[in-house]
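Biologist: I would like to go through the labels attached to this model and see what each one rests on. Please give the value and the cut-off each time.

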Amino acid sequence: QYTIGQKKGLPKFNGQNMSVIRIDSENCAVIIGTEASLYEKTLMLKDVNWIHEPLRFPWRGVFRICTWGYDLIGEIVLVGINQWQVTFDEPVRAIARGQSCVFYLEDEILGGGIIV
């Protein structure tokens, strides 16, 4: 019943509004924190599928997370078996596990993966 970044219905702490920063479904826990703790510059991906794989890595380009459609500039690199790391130029708010991250070259989709 909660989503990453949600503020509605949460208590204040020391006069600050709290937000959902992580959901631990294994332990039935919702972790809350300050707005600042929602921002991250990196994420990890699994199940990456390439429609058009770049010639070299790290690859710099445009990324989009879930349905917001905001263009995020960063780079992707393979860091392990089926493990990719995306590092953004600017911190991104409310990155949530299970969402898709899609890579673009202008208007062409290069590929995508699932955020872990």
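**Labels and cut-offs**

Biologist: What makes Glu35 count as partly exposed?

Modeller: Its relative accessibility is 26%. Buried means under 20% relative accessible area and exposed means over 50%, with partly exposed in between (1.4 Å probe, protein chains only). Glu35 at 26% falls in the middle class, so it counts as partly exposed. As to the source, this is a predicted model in which local features need pLDDT of at least 70 and side-chain atom pairs count only at pLDDT 80 or more, while totals for chains, interfaces and linings use all residues. Residues are numbered from 1 along each chain as its sequence is written, and side-chain values use heavy atoms, leaving out hydrogens and water.

Biologist: Why is the pair of Arg93 and Glu35 called a salt bridge?

Modeller: The term needs a side-chain nitrogen of Lys or Arg within 4 Å of a carboxyl oxygen of Asp or Glu. Here the closest N and O atoms are 2.6 Å apart, so the pair qualifies. Arg93 sits in strand 8 and Glu35 in the loop between strand 4 and strand 5, so the bridge ties together parts that are 58 residues apart in sequence. Arg93 has a relative accessible area of 27% and is therefore partly exposed.

Biologist: What makes the pair of Asp89 and Arg60 a link between separate parts of the chain?

Modeller: These two form a salt bridge, the closest N and O atoms being 2.8 Å apart. Asp89 is in strand 8 and Arg60 in strand 6, so parts 29 residues apart in sequence are tied together. Asp89 is partly exposed at 34%, and Arg60 is partly exposed at 46%. Elsewhere, salt bridges that share partners join Lys7, Glu35 and Arg93 into one network. The whole structure has four salt bridges.

Biologist: How many strands and helices does the chain have?

Modeller: There are 10 strands and zero helices. Both are DSSP runs numbered from the N terminus: helices are H or I with at least four residues, strands are E with at least two.

Biologist: Is Val77 buried or partly exposed?

Modeller: Val77, in strand 7, is partly exposed at 27%. Its C-alpha atom is 4.6 Å from that of Pro58, 19 residues apart along the chain. Leaving out residues up to four places away, Val77 touches Pro58, Gln83, Trp84 and Gln85.

Biologist: Why is Gln6 called buried?

Modeller: Its relative accessible area is 19%, which is under the 20% limit, so the label holds. Gln6 lies in the segment before strand 1 (12–13). A polar atom of its side chain is 3.1 Å from the backbone oxygen of Lys8. Beyond four places in sequence, Gln6 touches Gln1, Met18, Ser19 and Val20.

Biologist: What share of the chain is buried?

Modeller: Buried residues make up 32% of the 116 residues.

Key. A polar contact is a pair of N or O atoms within 3.5 Å; within protein, one must be able to donate a hydrogen and the other to accept it, and residues adjacent in sequence count only if both atoms are side-chain atoms. Contact means heavy atoms within 4.5 Å.
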